[in-house]
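Colleague: I would like to learn how to read cavities, pockets and helix packing. Please take me through an example.

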Amino acid sequence: VCRAALRMQAALVSLNEKWSSQSIADIEFRTGINTARVLVGNYGCDYRISYTALGDGVNLASRLEAANKAFGTVVMVSESTKEGAAADFMFRRLGRVVVPGKAEVVTVFELLCEQQPGMELQMDGSVILDPMMLFRWQWVRRDRVLRAAELFEKGIALFLAGDPKAAQPWFRDALSALPSDGPSRKLVEYCDSAAEGKIPSDGVLRMSK
């Protein structure tokens with residue numbers, strides 16, 4: 001599922017490039033992924049039936065899709081998904097949130113890329129590691145994205161410990177390393193809000209509907 005989410009992003013970038021030549025506006029989409037036991041199958045009655053998935057796990061995935069907007073991300077996953085896919089993909093811890101309709105706090109992550117960089121076959125038959133990766137609808141140097149994620153992790157550790165004042169410089173450094181980084185920009189704003197008393201400084205972000 002994580003690989004499919006990344007490939008959908010890449011496919012949409014290509015489609016948007018094609019559509020722009022036809023004066024069609026770009027489109028974007030967000031993805032929420034959660035790993036849980038749910039009920040999947042045909043539901044209904046004799047005259048009306050549909051194939052669907054039911055359960056709290058499905059609802060959380062839907063809430064994560066919407067929560068992308070609050071972090072400036074494209075693909076957000078739950079901790080259970082991250083734990084199951086960590087061997088093959090790279091993730092960034094975004095923080096702890098309470099999603100609409102729920103009381104419990106959940107830790108959420110951004111899906112960044114596959115663990116192994118893409119590989120490009122050269123004309124002479126040799127293979128080199130691709131230094132570029134798709135990052136929110138644009139191609140960016142992989143090392144810049146990972147550097148920003150490293151700085152962000154230092155900030156989020158302090159933010160989750162309830163110290164937004166100490167966390168903010170790390171988020172600013174991450175934003176300097178990667179100016180297009182949505183989470184760093186959002187967390188700078190959340191640190192300001194916590195300092196002004198607009199949101200609690202306990203490191204938990206409460207998502208509104």
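**Cavity, pocket and helix pair**

Modeller: This is a predicted model. The count gives 1 cavity of 30 Å³ or more.

Colleague: How much space lies in the largest cavity, and which residues line it?

Modeller: A cavity is a space where a 1.4 Å probe fits but cannot get out. Here the largest cavity holds about 70 Å³ of space. Its lining consists of Gln 9, Val 74, Val 75, Glu 110, Leu 111, Leu 112, Leu 134, Phe 135 and Arg 136. Strand β6 (residues 106-114) gives the most to this lining, with 3 residues. By class, the lining of the largest cavity has 6 nonpolar, 1 polar and 2 charged residues.

Colleague: Which helix gives the most to the lining of the second largest pocket?

Modeller: Helix α2 (residues 56-71) does, with 5 residues. The second largest pocket has about 200 Å³ of space and is lined by 10 residues. Those nearest its centre are Ala 66, Ala 67, Ala 70, Met 207 and Ser 208. The lining of this pocket divides into 5 nonpolar, 1 polar and 4 charged residues.

Colleague: At what angle do helix α4 and helix α6 pack?

Modeller: Helix α4 (residues 142-160) and helix α6 (residues 182-195) pack at about 30 degrees, and their axes are 11 Å apart. Angles under 35 degrees count as roughly parallel, so α4 is roughly parallel to α6. In the contact, α4 supplies Phe 152, Ile 156 and Phe 159, while α6 supplies Pro 183, Ser 184, Leu 187, Tyr 190 and Cys 191. Of these contact residues, 7 are nonpolar, 1 is polar and none is charged.

Colleague: Is the crossing of α4 and α6 left-handed or right-handed?

Modeller: The crossing of α4 and α6 is left-handed.

Notes:
Residues numbered from 1 in each chain as written. Predicted model: local features only at pLDDT ≥ 70, side-chain atom pairs only at ≥ 80, totals over all residues. Heavy atoms only, no water. 1 Å grid on protein atoms, 1.4 Å probe; cavity = no way out; pocket = protein on both sides within 12 Å on 5 of 7 lines; lining within 4 Å. Points joined across faces, edges and corners; volume = space filled by probe spheres on them. Helix = DSSP H or I, 4+ residues; strand = E, 2+ residues; numbered from the N terminus. Nonpolar A, V, L, I, M, F, W, Y, C, P; charged D, E, K, R; others polar. Axes fitted to C-alpha atoms, helices over the stretch in contact; angles between N-to-C directions. Parallel < 35°, antiparallel > 145°, perpendicular 65-115°, else oblique. Left-handed = near helix turned anticlockwise from the far one by under 90°. Contact = heavy atoms within 4.5 Å.
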